[in-house]
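My notes follow in the order in which I looked.

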Amino acid sequence: MIRKLIFFFPVQLFLVNLKRNHLLLIFWVILFSIVSQSLATKYGIPYLFLAPEYLDEISFLSYLIIGFSIGGFVMTFNITSYIINSGRFQFIATLRRPFVVYCINNSVIPLVFILFYIYKVIFYHLENENTSALEIMMYVSGIIVGYTINILISLTYFLSTNKNIFNILGISSDTDNAKPISTILLRDEDLFNFLKQREKWHVETYLHTPFSTKIARDISHYDTTMLQSVIKQNHLNASAFEMVVFISYIVLGLFHERAIFIIPAGASVMLFFTMILIISSAFHTWLKGWTTFAFILLLLLINFLSKHQIFSYANMGYGINYKLEQADYSLKNLNNLRFNEENLKNDKDNALEILEHWKTKNGNLKKPKLVFFNTSGGGSRSTLWTYYTLHYLDSIYGGNFFQKIHLISGSSGGMVGAAYYRELYLRQRNNNLQPHLTDYSYVTNAGKDLLNSIAFSIATNDFFIRMKTYNDGKYTYLKDRGYAFEWQLLKNTNNVLNKRLIDYRAPEYESQIPMMIFAPTIINDGRRLLISSQSISFLSNNVPSKNTHNNPIAENVEFTRLFEQQDAYNLKFTSAIRMSATFPYIMPSVSLPSNPQINVLDAGMRDNYGAMTTYKYMYTFREWIKENTSGVVIIRVRDKEKNKNIKQNPLVSIGETFSSPIGSLYANLFSIQDYNLDDMIQYISNDISQPIQIIDFELENEENRISLSWHLTTKEKESIINSMNSKKNQKSLVELQDIIKH
């Protein structure tokens, strides 16, 4: 019995993959880990499979696309495995349908996965979405139908093109009288000794159909060259099929600006895995045993070439001129910019005029509270939470709250939500908005998916061939996932954010809307790049007081001054948003036209809440605040609780011991920022005599229950909206109403 099991073709295929083809199994390990919610749950990756969205809804069609993409991956897995392994099992060349039989015997892992996936989908909807039984059945049927369609299309091709030994020799197949492989008769031979004698992988029985087995045919009387020619011909057909699939995926990427072609992000993940397998099998077809070496060599070559401009795929900020002489990013120039007395005076005067306009707008009180709005990063959860907080506050203040805010700062998703609300408020103020700002459809827009288009761009464009360009007025750029993010953001928000940095200069100056300051992190040296429609050199200036002897380094870099010659004010506003919301790996870091070239990343790496910008602004204009306001109110919108319970430290593994220093530092990055910012506000309060009151609105998000992603499930959206009803947030509302009178 043990011998039959060991030499059963599906078992032998699994063992050969386990021994020699680790790449094939790694993909399955990743997929099982994702679907079981054991991997990347914090970032919401499992939900891309369990609750996929297509055309902004979970539907039969969205699951059908997922099922179809899984079917494509399974067939590529079978093809790759066949190309790599079929030479070790030459008996299959004597079968009537060699590749089909191979697929049947190689389908144990795919079958287990698809059944496990269906189970997890059913369990997810029952536990999280309160979905009806009929809808669940419809979703499951979508998976099965999509999977089946892909498998049938693929098998139809191979059945019509592949040949076996009988086609080549022109004889009929008599499988019933086939002589069994000789070793099947050695029943009483010691299994251990038998295994030692074998030089090749040995098979005694195989699955003839999914529900029947047959004894492997004896191939000793066949010419080896003829058998190999059959397998080679099958390999060529398989390679041709993969090439067609690869080209189809690349062509599909050309249509990523049409909503109908933007498939669910989970399908894009499967698509990316499929592409990697296709490349791997192509390498093996051409290079055989040199595959691994050649693959490593290719990666090294790509890495080397990427350092040269002609091969660079650097992402760009749209609207900036990359053709002129590059900006001087040197210590000398940074010091010249921040110590320019004329710029400093002019910028302060301009800011004071904006403050006066803000005071006039809020003139119902002689000394109003100066309100700052800080919002944290956190992907789409922060976008929706920030937007809804502003929407809710305006509703309880009768539409008069937003005008009290003077400055908005923060990072990532929070700034996306704030920018969207600010633009809608401006349009409402100018009678250019339908429906009214209070309409809930705008809240819905703020929570729409941004990940599908990004993932689709990654799978079909970014890591392979970037062919399409984007003409932005005077300048041309390559399209990539950065472009996909901006395109999808504009689509979700009905194109209202399709503006330039300069377009907000006048409305901010007149205090029609609050100022916004973005502060993405410069990867090169950790400085902050301050992006604003106003000139704000005073935030870059850190000249020490007369009684302090110090040589401070330049920390904040003013974007519009550094890139003045590169048309900085023409920067698309969505690009400014994107620079501040560049989550590593998912989004590309933006390269700017400077020498040396600087790249920027998410603002949250330095200041997740925008508090550093707020505190420096308060300190700069502390005298005006003293004379013209009754105090400062800082509203902080956070995507997680500030005061978290201290975790117990259980025994850790050796691996965790090695990873914990770096891992813990990253995990506590935002807590470390909180510690520093709390200290900073205490020091600033000594220089500002008016009361400073900080009001927190915290998203209820214990243990990152709401994923850090550009995609939200229905349940997550409901949790975000319901967070306003928490005891903490209701208490904050009462405090805010007591501080700020109508």
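**Nonpolar surface patch**

I first looked up a nonpolar patch on the surface, which is formed by Met243, Ile247, Val251, Leu254, Phe255, Trp286, Leu287, Trp290, Phe293, Leu297 and Met467, together giving about 1,100 Å² of accessible area. The elements that contribute two or more residues to this patch are α11 (224-253), α12 (265-287) and α13 (291-305), and the largest share, three residues, comes from α11.

I noted that the model is predicted, that local features need pLDDT of at least 70 and side-chain atom pairs pLDDT 80 or more, while totals for chains, interfaces and linings use all residues. Residues are numbered from 1 along each chain as its sequence is written, and side-chain values use heavy atoms, with hydrogens and water left out.

**Leucine 287**

I then checked leucine 287, which is found in helix α12. Leucine 287 counts as partly exposed because its relative accessibility is 33%, the class between buried (under 20% relative accessible area) and exposed (over 50%), with a 1.4 Å probe and protein chains only.

**Helices α3 and α5**

I looked up how helix α3 (residues 22-35) packs with helix α5 (residues 60-85), and found an angle of about 155 degrees with the axes 11 Å apart. The two helices, α3 and α5, are therefore roughly antiparallel to each other, a term for angles over 145 degrees.

**Helix α24**

Last, I looked at helix α24 (residues 611-620), which is mostly covered, with seven of its ten residues buried. The buried residues of α24 are Ala611, Met612, Thr613, Thr614, Tyr615, Tyr617 and Met618.

How values were computed:
Patch = residues over 30% accessible without salt bridge, like charges linked within 9 Å, V, L, I, M, F, W, Y side chains within 5 Å. Areas by Shrake-Rupley, 256 points an atom, 1.4 Å probe, with all protein chains shown as cover. Salt bridge = Lys/Arg side-chain N within 4 Å of Asp/Glu carboxyl O. Helix = DSSP H or I, 4+ residues; strand = E, 2+ residues; numbered from the N terminus. Axes fitted to C-alpha atoms, helices over the stretch in contact; angles between N-to-C directions. Parallel < 35°, antiparallel > 145°, perpendicular 65-115°, else oblique.
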